[in-house]
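Hello,

Here is the structure I promised to pass on to you.

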Amino acid sequence: MQSLKTDMITVTCKINGKEYSGMVEPRTLLVHFLRDDLNLTGTHIGCDTGHCGACTIFMNGKTVKSCMVLAIQAQGANLMTVEGLADGDKLHPIQEAYWENHGLQCGYCTPGMLMSSLFLLQRNPDPTEEEIRRGIEGNLCRCTGYVNIVKSIKAAAKKMQQQQGSAAPSIQAKAGH
Amino acid sequence: MTPKKFDYYAPTTINEAIQILHDNEDSKVLAGGQSLLALMKLRLAAPASLVDISKLENMSYVREEKDYLAIGALTIHDIIEHNQFIKDHFTILTDAASKIGDQQIRNKGTIGGSSCHADPAADLPTALTALAVNFVVVGKNGQRVIPAKDFFVDTFTTSVGKDEVVTEVRIPYLPPHSGSGYIKHSRREGDFAIVGVGAVVTVGEGNICKDVRIGLGAVGAIPLRATKAEEYLKGKTLDDKNIVAAAEVANDGADPPSDMHGSREYRLEMIKVFTKRTLKLAMSRVK
Amino acid sequence: MATVTELVKAEEEAKPKLWLGQPLKRKEDPRLISGLGKYVDDVKLPGLAYASILRSPYAHARIKSIDTSKAEKLTGVLCVITGRDVVKITDPFLQISPAPANKLKDYCLAVDKVTYVGDPVAAVVAESRGIAEDALELIEVEYEPVDHVIDARRALEKDAPVLHEEVGSNLVFYGKWDYGNIEQAIKTADKVVKATLHFHRFSSTPIENNGVVVNYDRATGFLNIYCNNQMPMFCIPWLSFGLRFPSNRIRMITGDIGGGFGTKIINYPYIALVAILAMKTGRPVKWTEDRREHLAAANHGNERTFDVEVPVKRDGTILGFKLKAFDDCGAYTRYEPAGAAIWAQVTPGCYHFANFVMEFYQVMTNKCPVGPNRGYSRSQHLWMLERSVDIVARELGLDPAEVRLKNFVRPDEMPYVTPSGGIYDGGNYGESLRKVMKLIDYDGIREEQAASRRKGGKLIGIGLATVLDSGTNNFGQVKIVNPENPFSGNSEAARISIDGLGQIQVALGTVPQGQGHETFASQVVADEFGVSPDQVTVLMGFDSGTNPYSHQSGSYASRSAVMGTGALLGAAKKVKEKAAKIAAHLLQTSPEKIDFREGAAVDRETGKKIPLWQIGNVAWVNNLLLPEGMEPGLVAINFWRPSFTLPDEKWRHNQTLTYSYQSHAAVIELDPESGKFKILRYAIVDDCGTQINPLIVEGQVHGAAAHGIGAAMYENFEYDEENGQLKSSTFIDYLVPTALDIPHMITSHIETPSLFAPKGIRGVGEGGCTPVGAISNAVEDALAPLGIRITDSHQNPQQIHKLIREKASK
């Protein structure tokens, strides 16, 4: 059992297939651990109440808001952030789709939006517009009005179905399935 | 944004958890964290110790027992939303779980956590009240069962003891020819309810109401049963006329708050509107 | 012998294909989709310390005492300061109001009193964010609450609490615009339609909050400021005078910005505060704003009430508008009262009436300071016009579309001079409205509505609005509020260089927050030099140490595309002239015969070419081959300014260069039992003149519409009458629309080039809050059988429910 007074504690976890370690307080939020301690600044912070979704990452195969998780809870976990989407230089089909369909403007909500898009398409490879909108309900965007995001996700679904089997395994592993 | 400092415990057995809660005066259970951590980040809650029970094993399940469906307290909303048995037999719960927050919140929030957090405007407590569930609670003195009507005591307060942990939620099976549903009236889909109504009906020959339970959320300190409406309906035909008449008295005993999304007067009116609609929804699902 | 068709075809094919107008993928995207964006919270410097701010819990109170001793003793705290410290080392921020409002003493921390919930009172710097927040709880402030006022009209009453004693009243500015003869119009009218309308308080709440990192470099004496302000160089006088710090040692740096929409213009007090903290502690200091702080104390849009009188003829002709406006600007004037004059950019909206009176009062209240918000000050005015036109139609028993078409400025009237001297640069409002009506199937919906009404079924409503997005402002307009304001015109800077290897680099003074400046700039420059946009590198973000700029540089007022293009074209011209001279010299021909295409300078007559790399080589490292007397190097900075005039004695002048416009149509279905409604169908037609990148334009149109829908249906900064508290203080209650709340939008466009702007471009970034008009019109239309009048820009279901019940009980 872990029982810790308010001292620093080491957290070790796997992120994007790589092992990371750092010292945190019990109260350190996972998003701060990622951004400040591990220099993975792709995950963003946009609110204090778990609404905006800019901090969305994969934790043990499911999307979570990393501002609503303590870093200490990630001990031994398998995480994926936006930095893990691409395969080296090769963009993930979802990233390509967003780029081709102008699914981003300022880019601040985008990392979290990409994570939620991926989770949706992993579960539901051919979603309707309603299902897409529901899937990204927890990701606020103030630039795009969501129209091109929906378009991007539809395009990503097509791409992923065409590429079925090729990109999937490494993403699945990274996402902690 | 940063919570106040606290001591952190991650017990691996239920007894450890209970002991830590017992030994630490100002300690709170952390389950999914989707309610508690938000309050702690705003520094509206600042327990000296957090007891993280998310590492406890065998607390996430949906199991058909003889007389009831057993749901482990750490079962996340997402699992409840997609569970076929629940969809077929307790659609009210599917409705409620599917309307909580958003996908990310449903991936982490738990039925036990949401119940113990006891936000009057939350969706599950209302649905569980209408289902008249039983909560299994484990403490230093062993296990006890708390029925829903005794579970929610006040805003953010339940009758779970300081050093007790909810381990399971038991939903008694409904008789044949039952139907249920939950409707949330809110500004946006995932918001807390302005008014939430859950209804469970059991009908007999000619749609006579054999049993009905109506749970109301966001209309007082705790989820309410609209008992006056229930009494009106028992034994009567569940047709539009009676449903409307029952809905008219559904807000009896409700003491709703006022805020920018719903004044007290508005909520009292909305209880009527959405009781009517939820009863109709439940009726439409009677098999 | 070639046929005419073949010749024409050959000529077409020989024409270089233009990048202008292509829907190219953006250059910004690869880094943003990979999580490599560089936002201000990503800035890390060695020795970074963290700041936090203690804020007032009261709407209006005197500060009797502040004890920071316990906070200072907390391990890890580096310093704690209050208004008392600030007052000793800074001067109050510049004010652009007239006297006596300009006596207002605005510091980065409250000094003697607090005037709104969230007003900064003290600041802490500590080794970590957590410790900085812990220290706030140890600061003991003794407040003496006093009466507060949260209504603009009330704040003008003699016995109302006064916020700033040094001003003496809460009035910031009063002005009367008087054109034509409104009293005559009222006399000759068949009817005078009257209404009192309220435009509510909301803001665009970008997902990235404010943030500042300041590093005071003692070695060089430079204040290095990393921020996300939209016009950092405009802030320089405020910062330099305020901090008593020389302007030529302040460096402003912005990277990627997570949305601005106008709300990141008045954050300079926070920049000043962090600068003070950095200088005091000798450490680089970072402050990132919480969402709660942002909602309470960053930037609210102008809240405005109008008393409206519209003289009309029975046939729907609008003879004029007589208005009294009360503008609630919150507790401090930071960009205000510019808003008091900015609405006049679009005095008559899209309509050609000549009689107009506006009495405009801007008033301070105990609420968050107001600043530019998407469609700044025009949204309010244009909503009032669109709501009023619909009310006119209803009272005359005419179709709202017909009344609009009847009163629109016509294309043959362009360029149209408005009563206040605005010069509309072209457009066809009638075509735009007709087009959007077709897109939405207006006639079909009217039939559906009629059928539904006959059956007593769902309440369907249709709302229309046609609104202007006036862009590229003339700063001279602030002379209206105070003739002594030393600001006028507008300007932007660009630098283009072709280096010693022939590589093109571009730097702009604009400050992008998602509008795709790197992309559009490369398209414009690529066309100039006959290369592809991939061969043009545009510096990311803004840095006063490396980018050219004017003190009006930035991205605001829908001006980046126009101003940026103007500056780029000028810089390109200078570089091309020189490059052509060099090429001509090398080819022994004359510069007039040189074209630039396919990465080379080409002699049009002989076809001989000199590649850009060779020109660059000669210019930079091989200059003995240059023409006699020519300066080496191949780089040019260009400052561009539009042609503007100062306001005349009646305040007439053209306040913006371009006037984009949009027509929106909303179809809603309203549930009378709950007052809630949903959008069934939404269509938009926009005209922003020549489109540099249609993909980017469409994205701006979508985004602006989403802001308007959010404002109309979900977003409201509501304050409690009793205690002045902000009710919508977190994202729990300030409702930002999700993907489930914004409908799919059908869009189309018209392209009538601007008569005045470079390449016929018009700015499109702001939008104009058109949905606020379309939706309030749709709600009233849905409730028309009940005869309910909608007078608020925000539609809260419980309010609609109340109106329905009140009508039913009569």
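**A loop residue in chain B**

S186(B) touches D191(B), F192(B), A193(B) and I194(B), leaving aside residues up to four places away in sequence; two residues are in contact if their C-beta atoms, placed from the backbone, lie within 7 Å. This serine sits in the loop between β11 (178-185) and β12 (195-203) of chain B. Helices (H or I, at least four residues) and strands (E, at least two) are DSSP runs, numbered from the N terminus. Is S186(B) buried or exposed? S186(B) counts as buried because 21 other C-beta atoms lie within 10 Å. The cut-offs are 20 or more other C-beta atoms within 10 Å of a residue's own for buried, 12 or fewer for exposed, and partly exposed in between, with C-beta atoms placed from the backbone. Between the C-alpha atoms of S186(B) and G109(B), 77 residues apart along the chain, there are 20 Å.

**What kind of model this is**

Please keep in mind that this is a predicted model: local features need pLDDT of at least 70, side-chain atom pairs count only at pLDDT 80 or more, and totals for chains, interfaces and linings use all residues. Residues are numbered from 1 along each chain as its sequence is written, while chains are lettered from A and ligands numbered from 1 in the order in which they are written. The model scores ipTM 0.96 and pTM 0.96. For chain C the mean pLDDT (the predictor's confidence in each residue, from 0 to 100) is 96, and 99% of its residues reach 70 or more.

Six helices and six strands make up the elements of chain A, and along the sequence they follow the pattern β-β-β-α-β-β-β-α-α-α-α-α. Of the 177 residues in chain A, 62% are buried. Among contacts in chain A with a separation of 6 or more, 62% are between residues 24 or more positions apart.

In the contact between them, 14 residues of domain 1 of chain A meet eleven residues of domain 2 of chain A. Strand β4 (residues 56-59) of chain A gives the largest share of the domain 1 side, three residues. That side divides into six nonpolar, eight polar and no charged residues. Here Ala, Val, Leu, Ile, Met, Phe, Trp, Tyr, Cys and Pro count as nonpolar, Asp, Glu, Lys and Arg as charged, and the others, Gly among them, as polar.

**Where chains A and B meet**

How many residues does each chain bring to this contact? Chain B brings 29 residues and chain A brings 27 residues. On the chain B side, β1 (7-10), α2 (36-41) and α6 (103-106) each supply at least two residues, and β1(B) gives the most, with four residues. By class, the chain B side has eleven nonpolar, ten polar and eight charged residues.

**A sheet in chain C**

Three strands of chain C form an open, antiparallel sheet in the order β23-β24-β25; two strands pair if DSSP finds at least two bridges between them. Its edge strands, β23 (594-597) and β25 (609-611) of chain C, each pair on one side only. Four bridges join β23(C) to strand β24 (residues 600-603) of chain C, and I594(C) stands opposite D603(C) in β24(C).

Best wishes
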